[in-house]
Structures are given as C-alpha cells and as structure tokens.
There are 2 protein chains.
Amino acid sequence: MAESLADRGERSLLDEIRRLVPSGGRVLVGPGDDAAVVASSRRPLLLTTDALVDGVHFRRTWLSARALGRRAFAVNASDIAAMGGRPVAALLSVVASSRFPAAELRDIVRGVRDGARAVGAALAGGNLAHGRQLSLTVALLGEAPARSIGRQTARVGDQLFVTGALGAAALGVRRLRRGGASDSAIARWRRPIARLRAGESLARRELATAMIDLSDGLLVDCDRICVASGVAARVHVDCVPRARALAGLGAAARRTLVLTGGEDYELLFAVRTSRLDALARARRTFGCPITHIGEIVRGRGVQLVDDRGRIVPTPSRLGHLHFRTR
Amino acid sequence: MAESLADRGERSLLDEIRRLVPSGGRVLVGPGDDAAVVASSRRPLLLTTDALVDGVHFRRTWLSARALGRRAFAVNASDIAAMGGRPVAALLSVVASSRFPAAELRDIVRGVRDGARAVGAALAGGNLAHGRQLSLTVALLGEAPARSIGRQTARVGDQLFVTGALGAAALGVRRLRRGGASDSAIARWRRPIARLRAGESLARRELATAMIDLSDGLLVDCDRICVASGVAARVHVDCVPRARALAGLGAAARRTLVLTGGEDYELLFAVRTSRLDALARARRTFGCPITHIGEIVRGRGVQLVDDRGRIVPTPSRLGHLHFRTR
C-alpha cells in the first residue's frame, strides 16, 4: 500500500514540501510561515486563479501527478500571458482525501514548482485541505506591462491573429476519454504552453488592442472579446491554423475541434491595421508562429466565413461548458 | 425550486458577479478579464491562501452563505495579520455542483466582498468550477510592513502574549455539531475577526519578535513558533484568557477548549523584555486586549505550568487535525 496523507502526518509532509520549494529570487519568505513574502515591484500587479477538479478538468489516469501540477501552473500562467504580463509567484491550494498518496502530492508540488521555475517564477506557498474530490487551485501573482492588454479595447477594423495551431488539446481529451494512451494530441493536452513571450512582446511593443487566451474554444473566447469591446468578429474558417495532430480527421471533425475545442491556451489578439508592419517585424520575438484569421467588424457575435466570403453556420456546441463532467 | 448554477447559465451568472465587485481603489481592473490588475506597491508583498471545504471546515447548515464568504476572507486576512501586514486584494475560487443555488453563490461573493471592504481591501477576481463538494479557496495579496514578523525569530527570554480570549470558536463548533442554533460561542465561530490592527501595530513599532495566528489551537500553533525558532515555550495555563462563553463549563472542559480549541484567529506573539514598556504604551492601538501568558525558554515543545509553577500534563489531543471530517 502506498503511504497516504493520513499515514504520513500533515506536519511532516508539509515540512517535506517546504524543502521542495525553498525561498529565493523574488520570494523572500517561502512556504512555512503564515504568508509568503515577495519582493515589491514597481509595475502594476496581476492576479489570477484557476482550479483543476478531478473528474471535471482531468481524470487521474490521464496524466502523472507531476504533469498535473505543471498543468495547474500553466493554465494560470496563460491568463498572465493574455494580459501581456510575467508570472512572479504562485500559491497552490490542494484539496485531497486522507487516502490520497503522499508521493503523488509531492509530485503535484514538484510539477507546480517546475512550471513556475521554467518561466522565472516561484511557488511561494499554499494550503492542504481534506476533501473527497481532488482539486488543485493555483493563484498566480504577476507583473503587468506598462499597458496591460484587456478584452474591452478591440476596435472595428482591427485584424485578428492567433498564436500556434488549434484543436490538438481537444482531440487529446477525446482520445483520453476513449482510453487512448499516448500520441501527439494527448501530449499536447497534457502539457499546455502559456504563450508568455508572445504576450509580453505584444504588450511591450503596444501591438495588440485586445487579447485573450483560448481556454474554452476559439468561438467562445473570441465572442468574449466581442462582448467586452461591443464589436463583432469575422473569422475566416479556412485560415484558422489546425494542429498537425488533426491531419487524419474528416473536414467536419477538424473544423469542430479547431473552432470549439478549447484548452489549447494559445493567444487570440487584435491588431490595428496601422501596426501590422510592426507586428511583422516583431514576429521572431514571439517564440511561436502567429496566423491572421479574421477581423473586427461592426455588430455582435462571431461570424464565420469560408474562403469565398460566404457565411458558414457556427457549430451547435460552441465550446467548453464548465458545468460538465469528464 | 431555487435556481441552480446550471439553470442560471455560467456567463450570465459571472456577469452578475462582476457587477457585485466593481473595480476601484487599488484594483485597476476587477473581475471579467484574464487577470485582475492591482496598483503597484513600494512595500514587499504578502501572499497567502486558505480553503474552506463543506463537511470538513463547515457544514452548510451552520452559517449563511454570506457569513461563509466573510469567513473565507477572514481566515486569510488573519494570516496577513500574523505577518504584521495589510490585505490589499483577494481572489475567490469556488468549486460547486451544478445544482448549487445561484443565489447562494452570489451571497458567498457578497460575503467575501464585504469582508475585504471592511478592512480596505477588495475582491479582485476569481474562478468558478464544477465539483461534487462545495469548497471556497481565497488567495489574498497583502502589503508587508518594513519588517514582517515570522515564526523563526522568537528568542529565549521573550515574553508570550495573546490577543483577545480563547476557546469560544471551538465551543461554537461543538454546539453546532450537536444542533445548537445560536449563542455567543456559535456567533464567535461564525464571524472570526482577523486582528489586523494589532498585527500591524506590533510590526510597525517592532514590538514582536515572532507571531502566528491561532487557527489550530494554542498548543499546536505555539509549538510551530517553537519548532521554527528552535526554542521551547512555558505557558501559564491559568493566565490564558478564556472567552466569556466558556463560563458555564467545568474546569477541565474550559482548559481543553482554551488550549486546543482552534479557529479563534487571535494572535500569539513574543516580545523581548526590553520592549515590554513600549508594548504597554502601544496597547491602545491594538483594537483588542492582550494578555501575558508565558515565556520562551530553552528546549523543545510547549510546557504547561499552573499558578504555582508546577508542570501540568498537556491534553492528549493537541489541536485541530486537518484530515478530520466535520
């Protein structure tokens, strides 16, 4: 029998976790006191939180505990990327049953720590509470750029771009649900990449008028920019970059995954036409490809058009619904 | 039938929540974007997180949704108080089932907002996720004093003090478990008070060498200071201030509640003898009474003594155990 949280004893486990995440860098006092102490910052601060719940956002058999920890960090870092910011310090709050293996909890902590370290941030503290259903809640403190990029400031005429390619993460989930073991789509779902370099560069160079990360699917997230900005978007379906993992699928399945898949954590952003040349020059700083997929227009909602400009019906299920169980 | 989260629709509910917590003050961008934006601070930052899980930390019948929200804020604010800091901005992450009443979620949000506002902080953002067991995780950003007060710096000879009086919250829980409806002990449990004024004053005047908030009981939390500082503590049992709500109980029950009760969220702090006069002069700034309960000595652990200096055996159950269900 693997050692459980109850066997291990809370204090000795927390002591061990503290050793996994020493203070250092911007974190002046790490885990182990009433609160973590982080060096002050001249920039405005960013704060975001996101939770991963067992059976809702993942199943325990779908990825290792360490990958789960990395994922919990990455989905939060993606929100910081979407504001053009930089992650600084994370808190991890775990709810787990007393039968949960102590070794897995340590690996979750290691995963969050690894994810933070990889982008120059740190795991600064956290909390462990008893509960029947495993959940990981990360809260992430970041630094904002001089002008952070919201959702409300897209303007008619702005051109829409996405980073990377879409659809692989959703295909990965579909395959995991059917018992798939490992392929490039599953690997993409397991290890989301927050587009921090792209987000920061777009903010620093004042290239984007509005930005969001694609957590719930292109149509849903694009509509969020439209609603917040009081505009509509025209998206050229055939221009939306499809992940290579979708190659073997039929056209309809590919389109659904690309438009509604979610969990790709790519960035969608709007650029004023007068800044398109500057955008082209800055591309090499993004660390990932970007693709022009449409434009902001007058009206409401997201309109899909094909390569001849004809309107394409939107899929009936628009994107990720949060109150659905995996 | 009350309207549930599933009936209400996530987007319209989140829109409504956004209206409950507008931006303002230090929060430049509140809920509704990828991350909240908070004005920069010259001081070091404090970060803490704590979760309340249904059936573990509370039962839904024990307090209103609004009081639950206030409580979730207060237990985090208490950690900021224990560092001598000031709360600035909170994030609220809720896990709830799709059948959870939408009106209760709104009241939870209002409760966190009220708790934050009452101490000059703000609810800046959050997350809502599906799960079978209700949980509230608050992450709180605060500002540290020039010298924040940790647990590691108590020295032999320091005198130990607590704010307020102990035992009422634990008595309240005991009565709630037996179906009690409302009395002063239950009221105390329902509405913990973070000792922010006392914590900040102790830090600003450099009066305390070490400090902790009493969430898990005096013996457990005092031992945390001892372990972190490599010292022992001698606590004069009869000096520990007992809450008035304990008056009707027998001596043994009173002692157990006062020493091991937990959830009082009072502050325990150590003061160098050379600073005792300054402490006496500063008392009126604390907003609550303080009581001298013992001293830091050489050795390990917490030793209890009676009014004649004789050693008193420590209770067998030392304090709050996290992996226990309510």
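Author: Let us begin with contacts inside one chain. Among contacts in chain A between residues at least 6 apart in sequence, 85% join residues at least 24 apart. Please bear in mind that this is a predicted model.

Reader: What share of the 326 residues in chain A is buried?

Author: Burial is judged by counting neighbours: a residue is buried if 20 or more other C-beta atoms lie within 10 Å of its own. In chain A, 56% of the 326 residues are buried.

Reader: How does the radius of gyration of chain A stand against that of a compact globule?

Author: A compact globule of 326 residues would have a radius of gyration near 20 Å, and chain A agrees because its own value is 20 Å. Along the principal axes, the C-alpha atoms of chain A fill a box of roughly 65 × 50 × 30 Å. The chain holds 10 helices and 13 strands.

Reader: Into which domains is chain A divided?

Author: Domain 1 covers residues 9-143 and domain 2 covers residues 159-312. The C-alpha centres of these two domains of chain A are 27 Å apart. Across their boundary, 15 residues of domain 1 are in contact with 18 residues of domain 2. On the domain 1 side, helix 3 (residues 65-82) of chain A gives the most, with 10 residues. That side of domain 1 comprises nine nonpolar, two polar and four charged residues.

Reader: How is one to read the relation between chain A and chain B?

Author: Two copies of a chain are related by a rotation about an axis and a shift along it. The same surface serves both copies, as 100% of the contact residues of chain B recur in chain A.

Reader: How many residues of each chain are in contact with the other chain?

Author: The contact involves 60 residues of chain B and 60 residues of chain A. Strand 3 (residues 45-53) of chain B gives the most to the side of chain B that touches chain A, with eight residues. By residue class, that side of chain B divides into 30 nonpolar, 20 polar and 10 charged.

Reader: In which sense does strand 3 of chain B pair with strand 2 of chain A?

Author: Strand 2 (residues 36-38) of chain A and strand 3 of chain B pair in the antiparallel sense, over three bridges. A:Val38 stands opposite B:Leu45, which belongs to strand 3 of chain B.

Notes. Residues are numbered from 1 along each chain as its sequence is written. Chains are lettered from A and ligands numbered from 1 in the order in which they are written. This is a predicted model: local features need pLDDT of at least 70, side-chain atom pairs count only at pLDDT 80 or more; totals for chains, interfaces and linings use all residues. Two residues are in contact if their C-beta atoms, placed from the backbone, lie within 7 Å. Helices (H or I, at least four residues) and strands (E, at least two) are DSSP runs, numbered from the N terminus. Ala, Val, Leu, Ile, Met, Phe, Trp, Tyr, Cys and Pro count as nonpolar, Asp, Glu, Lys and Arg as charged, and the others, Gly among them, as polar. Two strands pair if DSSP finds at least two bridges between them. Domain bounds come from an automatic or database domain assignment. The radius of gyration is taken over C-alpha atoms; the globule rule is 2.2 Å times the number of residues to the power 0.38. A residue is buried if 20 or more other C-beta atoms lie within 10 Å of its own, exposed if 12 or fewer, and partly exposed in between; C-beta atoms are placed from the backbone.
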